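The sequence and structure come first, and the notes follow by topic.

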Amino acid sequence: LLLSLLLLLLLPPPSLSASDSSSSPPPPSPSSAVYSVCSSSNPDLLGRYSHTHYVDSAPVWTNDEGMGIWRHFGYWYVGDYSEWPPVTYYRCVVGCEQGGDEPPLKGYKTKKGYEGGTLE
């Protein structure tokens, strides 16, 4: 009995089958693109954004000030990523492909209630 328990401990765990509903697909691979915000009335939004991590299999880009570019339910947002949940300042609403792997370069409008001006 002791030998059989030892053998069970030494055996590798069984692998999950492809039909296992608890497994999730690997996150998409973003390009090595670095995004830049060149014009904004909020100086914290200015600068370079680098890919840092994934949330719900969607890539997130952040800058040195804690601002971020992220996708949520298929739509792209820009705002304060230093808080959770992130605070949205802009969202892509004009000509934005839903569910894209990388953020659109145009089409962002201020979120209702945010007085941040334009974003380019």
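The largest pocket has a lining of 14 residues, and those nearest its centre are V55, D56, W70, R71 and H72. A pocket here is an open set of points on a 1 Å grid over the protein atoms alone, where a 1.4 Å probe fits and protein lies on both sides within 12 Å along at least five of seven lines; lining residues have an atom within 4 Å of a point. The model is predicted, with local features needing pLDDT of at least 70 and side-chain atom pairs pLDDT 80 or more, while totals for chains, interfaces and linings use all residues. Residues are numbered from 1 along each chain as its sequence is written, and side-chain values use heavy atoms, without hydrogens and water.

**Largest pocket**

- The elements that give two or more residues to the lining of the largest pocket are β3 (58–62) and β4 (67–72).
- β4 provides the largest share of that lining, 3 residues.
- The space in the largest pocket is about 250 Å³, a volume being the space filled by probe spheres set on grid points joined across faces, edges and corners.
- By class, its lining holds 9 nonpolar, 3 polar and 2 charged residues; Ala, Val, Leu, Ile, Met, Phe, Trp, Tyr, Cys and Pro count as nonpolar, Asp, Glu, Lys and Arg as charged, and the others, Gly among them, as polar.

**Second largest pocket**

- The second largest pocket contains about 190 Å³ of space.
- It is lined by 11 residues, of which S36, V37, P104, L105 and Y108 are the closest to its centre.
- β1 gives the most to this lining, with 3 residues.
- The lining of the second largest pocket divides into 9 nonpolar, 1 polar and 1 charged.

**Secondary structure and sheet**

- The chain has 1 helix and 7 strands, where helices (H or I, at least four residues) and strands (E, at least two) are DSSP runs numbered from the N terminus.
- Read from the N terminus, the elements follow the order α-β-β-β-β-β-β-β.
- The 7 strands make an open sheet, ordered β1-β2-β3-β4-β5-β6-β7, with antiparallel pairing; two strands pair if DSSP finds at least two bridges between them.
- β1 (35–37) and β7 (108–110) are at the edges with a single partner strand each, so one side of each has no neighbour in the sheet.

**Strand pairs**

- β1 and β2 (residues 47–55) pair in the antiparallel sense over 3 bridges, and Y35 has Y49 in β2 as its bridge partner.
- β2 and β3 run antiparallel and are joined by 5 bridges, with V55 opposite A58 in β3.
- These two strands, β2 and β3, form a hairpin with 2 residues between them, and D56 in the turn has a positive phi of about 50 degrees.
- β6 (residues 87–92) pairs with β7 over 3 bridges in the antiparallel sense; C92 stands opposite Y108 in β7.

**Nonpolar core**

- The largest nonpolar core has 15 residues, and L45, Y49, I69, V78, Y90, Y108 and L119 touch the most other members. Such a core is a set of buried Ala, Val, Leu, Ile, Met, Phe, Trp, Tyr and Cys residues joined through side-chain atoms within 4.5 Å.
- At least two residues of this core come from each of β1, β4, β5 (75–80) and β6.
- β6 supplies the largest share of this core, 3 residues.
- Of the 120 residues in the chain, 32% are buried (under 20% relative accessible area, with exposed over 50% and partly exposed in between; 1.4 Å probe, protein chains only).
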